[in-house]
Structure formats: structure tokens, C-alpha cells
Amino acid sequence: MDFGFTEEQELLRDSVVKLMERHASSEMIRQHDRAQTFPYELYKAWVEAGLLRLPFPEEVGGLGGNAIDLAIVVQELSRYSADFAMAFGGSIFCGLNLLRKGTPEQRAYWLQRVMNGENIFAIGISEPDAGSDVGALKTHAHLDGDHYVVNGQKLWTTGAGLKGSVINTYVKTDRNAHYRKGMSLLLIDNDMPGVELRKLEMLGRRCVGTYEVFFHDVRVPRDRLVGLENGGWDCLMGGLQIERAVSAAGSCGAAQAIVDLAVSYAAERKQFGQAIGSFQAIGHMIADMQTEVDAAKMLMWRAVWLVSQDRDALKEITMAKLFAAETYAKVANLGVQIMGGYGLNAEYDMQRFFRDARSATIAAGTSQTQRNLIAGLMGLKAK
Ligand SMILES: Cc1cc2nc3c(=O)[nH]c(=O)nc-3n(C[C@H](O)[C@H](O)[C@H](O)COP(=O)(O)OP(=O)(O)OC[C@H]3O[C@@H](n4cnc5c(N)ncnc54)[C@H](O)[C@@H]3O)c2cc1C
């Protein structure tokens, strides 16, 4: 058993940390959070550093990294901002989907554009009536000559309004079939005629943004279909696994940043003539926080290691996503408690961590959904 990183992985981690130290100061992140703006310059720096090439194979211009490399990057980015890291995650996991399911022409065209930053991928699954119940989605498309005509509405689409965003949109192409057999995946530019975007006012993750997307007779060229017509369920399921593994890595990174901030604050803040960290109540709180964050990391590294070995890891990924998200939300809450009033003040980072953390147990599948899945994989499937 080996718990260490290779030399290359250490170098990768150091280079991401250096890049973020150079381009993403606390003040810069705070300003973007306040203004609810996306840091395009930082994204460009990620592109120039090759981060967007990381998990794609060399034959399509990528760097051939594996799931462990990906988790290292997402964990480090999320220590600064789990919000910013979402733009990286969306492009990467939709890109990996395209790698698996796209035609050679689609791979050559789209992956190049994602790797050089011309396009950012967003994922459009959820709708007003289709949240945990993904199969209930209603947005639909029918063929008219060489185009699909799309009508409907998506909700909570992360990053849909970013410049160059291409929404990986799941639509019904056969309304009479079971959802597993009547769904397709289309790539829809966010500025195609008939696409209307509304940025939603959210508690956290306000820079990459969460959007409502309306499709009014949007004409989508037929070559934007990924995989088979009515084969979208396969794309969706394949994509969710990497999304959840990546999201667990993000939760672990952000949770560690919260603990680090809590430790430094508790060491400095004095009340009753001594550092508050020397009070057992605070010290034990922090000890428990770090222990749980380490446990979340263990689950996450096990899951990504299994993925890197091409081993079946559905249960392990789901457990990692569940526990990392719950831990992230929990330590963010405790972090605020440790900082008292300062934890709620906009001039300190804890409130941002707290706001960004709250969605972790909801986005990419709620904690309840993860528990249902784990119990199902243990033979306790709901009827
Ligand atoms: C910040 C943010 C970003 C997001 N980004 C995206 C995105 O980019 N693309 C996208 O497609 N979606 C995105 N989502 C949507 C996300 O995937 C859904 O919010 C999530 O799947 C839950 O759906 P819902 O919000 O409709 O809640 P519902 O499904 O209505 O659930 C409400 C409550 O009921 C519980 N519940 C539902 N069914 C069951 C059940 N069978 N057993 C037990 N409990 C159940 C849920 O756990 C939850 O507590 C995002 C959401 C958030 C908050």
C-alpha cells in the first residue's frame, strides 16, 4: 500500500499552487465574489498552463493525465475557490464524455476548442420538474432536415452564461420511450438564436454562476448530437461518475482550506488573555474537523485510484461524494462558529466558504440520492 504521490504528481500540485498564488489572491477572489464576475484571466492562465489538456489522451492533443492527476488539480483549485473550480470541472467532465461517446470529427473539433479555452462546457440536465428524478426531463428535440429543433427549459445550469459556453444539453428525442431509451445529448452554444439565459441570484458559487436556460425553437445542427440518437442515458451515466469523483476532490480541497483558516484564526484571536485555540472547546472542534476532512480525503483518493485503474468504482465514488460534501458543509458551519462575528463578515473569507459549501450536498446529486444509490448497490434497492 502506497499513500504517496509520484514525483510528477508532486510537481503538478506545486505548479497549480504556484499558479493560483500568482493569479488568485484572497482580495481578487473576494472582489469577483462581490461583483459576481468570472475570472477570465485566471481561466486563461489555466489554459496556458495546460490544465485543460490534462486528462485527455496525447492523440487528441492532451497530456494523458489520469483521474488522480485530475483530483490533485481540482483539490488545489478548490482550496482557493470551489466556485472557480466548477468551470474547470464542467469542461473536463463533459470533455471526457465527448472523448468516450463523440465521433472522431467531434473529438478533434470540440476537444481542441475546450483545451485552448475557446469553449467552456456546461451541463444541462436539471429542469424545474426534473431534479433528483432526472428521467422526468421534458426539454425535447425533433429532427427537421439537418437540424434538431429544441424547445424547453433547463435549470441550475452552472456556467451556462460564460463567454464561449456550450451547454451539453440532455433532451427527449422520443417522448413515448422510457427515459433510458428516449434521451439524447446535444451540444448547444449559449448564443444560438432562440437560447435565452437568466443568471440566478444564488447564495454561493456566484462567479461561475447558476443559470436558467430557455430554448425556443433552437435549430441545432445534426452533427451536434453526441453518441446515438436516444443513447443519451449512457452519456449521462458515464459522465456522472467522473463529475462526482471530481466534485469530491473539490469538496476536500475547500474543506481543507476552511480548516487551515480556522487554525490560523484560532491561534491568533485572543479572548480572556489567551488564544481561543487553547480553549479545549475550540481545539477539539478543530481536531474533529481535520479528522473528518482526512477521512473524506481517504474515501476520495480510494475512489479516484480505482477510477485510474479502470476498476468499477460506483459505490466508492458515491461514498466519497456523499462524505466529502457533508464534511465540507459541516466544517464550513463550524468554521463560522470558530470565527464568531468575523466569520459572517464580508471582509473575511469564511463567509464565502460557508456560502459556497452549502450547495455541495445538493449539486451533482443530493446526499439523499447518494445514500439511495449506495443502499441500492448493497442490495437494498427501492421498488
Ligand atoms: C449550485 C448548484 C449548481 C448546480 N449545477 C447544475 C448543473 O450544472 N447542471 C445541472 O443539470 N444541474 C445542476 N444542479 C442541479 C442539481 O443537480 C439538483 O439541484 C439536484 O439534483 C437536486 O434536484 P432538485 O434541486 O430539483 O431537488 P429535488 O430533487 O426536488 O429534491 C428535494 C429534496 O428531496 C429529496 N429527495 C428527492 N428524491 C428523493 C428520494 N427518492 N429519496 C430521498 N430523498 C429524495 C432530495 O434529496 C432533496 O433533499 C445544480 C444545483 C445547485 C444547487
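At what angle do helix α4 and α5 pack, and how far apart are their axes? Before I answer, please keep in mind that what you see above is a predicted model. In this model, helix α4, which covers residues 67-80, packs against α5 at an angle of about 155 degrees, and the axes of the two are 7 Å apart. Because angles over 145 degrees count as roughly antiparallel, α4 is described as roughly antiparallel to α5. On the α4 side the contact is made by L70, V74, L77, S78 and Y80, while α5 brings A82, F84, A85, F88, G89 and I92. If we sort the residues of this contact by class, we find nine nonpolar and two polar residues, and no charged ones.

Let me now turn to the domains. The assignment divides the protein into domain 1 (7-118), domain 2 (122-230) and domain 3 (234-377). The centres of domain 1 and domain 2, taken over C-alpha atoms, are separated by 23 Å, and their contact takes 18 residues from domain 1 and 15 residues from domain 2.

The axes of helix α9 (residues 314-339) and helix α10 (residues 350-357) come within 9 Å and cross at roughly 155 degrees, which makes α9 roughly antiparallel to α10. The crossing in which α9 passes α10 is left-handed. Residues of α9 that take part are Y328, A329, A332, N333, G335, V336 and M339, and they meet M350, F353, F354 and A357 in α10. This contact of α9 with α10 has nine nonpolar residues, two polar ones and no charged ones.

Finally, we come to the ligand. There are 20 residues around the ligand, and of these G131, S132, T158, T366 and Q368 come nearest. The elements that give two or more residues to this shell are β1 (120-124), β3 (147-158) and α11 (367-377). Which domains does the shell draw at least three residues from? Domain 2 and domain 3 each provide at least three. By class, the shell has six nonpolar, 13 polar and one charged residues.

Conventions:
Residues numbered from 1 in each chain as written. Predicted model: local features only at pLDDT ≥ 70, side-chain atom pairs only at ≥ 80, totals over all residues. Near = placed C-beta within 6 Å. Helix = DSSP H or I, 4+ residues; strand = E, 2+ residues; numbered from the N terminus. Nonpolar A, V, L, I, M, F, W, Y, C, P; charged D, E, K, R; others polar. Domains from an automatic or database assignment. Contact = placed C-beta atoms within 7 Å. Axes fitted to C-alpha atoms, helices over the stretch in contact; angles between N-to-C directions. Parallel < 35°, antiparallel > 145°, perpendicular 65-115°, else oblique. Left-handed = near helix turned anticlockwise from the far one by under 90°.
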